[in-house]
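Please look through the sequence and the model shown here before reading on. The paragraphs that follow begin with one residue and then widen to its surroundings.

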Amino acid sequence: MSYSSFENNGTGSSTITNEADFQKLAQTIATSIQKILQNVSSMQRMVNQFGTAQDSPELKQQLHQIRTYTQRLITDTTNLLNDLVNCKERHLKIQRDRLVDEFTAALTAFQAVQRKTVDLEKNAVRQARGAHVALSKPPGSNHSSMGSGGTGNNYNNASMFEDNFVSGQRGQTQEQLQEEIDLQALENQEQTIRELEENILSVNEIYKKLGALVYEQSHQVDSIEASVEQTSVFVAEGVTQLKQASHYQNKARKKKLILALIAAAILAVIILLIIIRN
């Protein structure tokens, strides 16, 4: 297939010059789509483990890595699809439209698992914050008040107070460390939620681009078909007019022939009259 079977997309970045290049790029896109679907399946299994015995920071880190890789793969695949939009051959357009449909289905699956992850993460954050508020108590609120016993118990009371004070300080330090760890975990979860929401918005933009791409190509095809149809109408009208012209021309020829015969007859009569008189 020649270069004329493909149009430049206006950006100068298209490298598709023949059908072989088209098929090579189409195969790359199909492979990427399958990889996206495989990653989505793995992500779904990981998300289903949230809140179970298999849930762990390592699991969420692995999920984050797969999600980030899949997001990049989606962006790259979108750019590759843009290079296929300018083909003009009908069978290549059918193949391109099938790839767009498959890619859209993969995006839908990816969006679904991302939204599910956001819901679970938000629910976990709400529960963690609720538990943190319930467990928070003022310092020293769990200490029993000292009695007002006799002077013989002053020393024992003072020693007990000192032990309780030291234990209380250690307990507060541990509680503060645990609280800082919990707060850091909450911040990490909230950061994950923000990233997920940004990814969802990014994929929504890709949806819009694909929709605009399909509409633009459909509009171009409709315009081409309309032009072909209009040309067919013009051709049909031209054929009709040619037939009419041919008919009129034939009638004109018959009229000329009849007039010529009449003139010849009149001329013959005149000649005959002249001969008879002479």
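This is a predicted model: local features need pLDDT of at least 70, side-chain atom pairs count only at pLDDT 80 or more; totals for chains, interfaces and linings use all residues.

Ile200 belongs to helix α4, and, leaving aside residues up to four places away in sequence, it is in contact with Gln111, Gln114, Arg115 and Val118. With Gln111 the separation along the chain is 89 residues, yet the C-alpha atoms of Ile200 and Gln111 are 6.4 Å apart.

Ile200 is also one of the members of a nonpolar core of five residues, which includes Val118, Val125 and Leu196 as well.

The largest nonpolar core has 31 residues, and within it Leu81 and Phe103 are the ones that touch the most other members. Two or more residues are given to this core by each of the helices α1 (19-48), α2 (57-82), α3 (90-135) and α4 (154-277), with α1 providing the largest share, 10 residues. Around Leu81, when residues up to four places away in sequence are not counted, the contacts are with Ile29, Leu99, Val100, Phe103 and Leu210.

Helix α1 itself is made of 30 residues and spans 43 Å from its first C-alpha to its last, which is close to the 44 Å expected at 1.5 Å a residue. At the start of α1, a side-chain oxygen of Asn18 comes to within 3.2 Å of the backbone nitrogen of Ala20.

Key
Residues are numbered from 1 along each chain as its sequence is written. Side-chain values use heavy atoms; hydrogens and water are left out. A nonpolar core is a set of buried Ala, Val, Leu, Ile, Met, Phe, Trp, Tyr and Cys residues joined through side-chain atoms within 4.5 Å. Buried means under 20% relative accessible area, exposed over 50%, partly exposed in between (1.4 Å probe, protein chains only). Helices (H or I, at least four residues) and strands (E, at least two) are DSSP runs, numbered from the N terminus. Contact means heavy atoms within 4.5 Å. The expected span of a helix is 1.5 Å times one less than its number of residues. A polar contact is a pair of N or O atoms within 3.5 Å; within protein, one must be able to donate a hydrogen and the other to accept it, and residues adjacent in sequence count only if both atoms are side-chain atoms.
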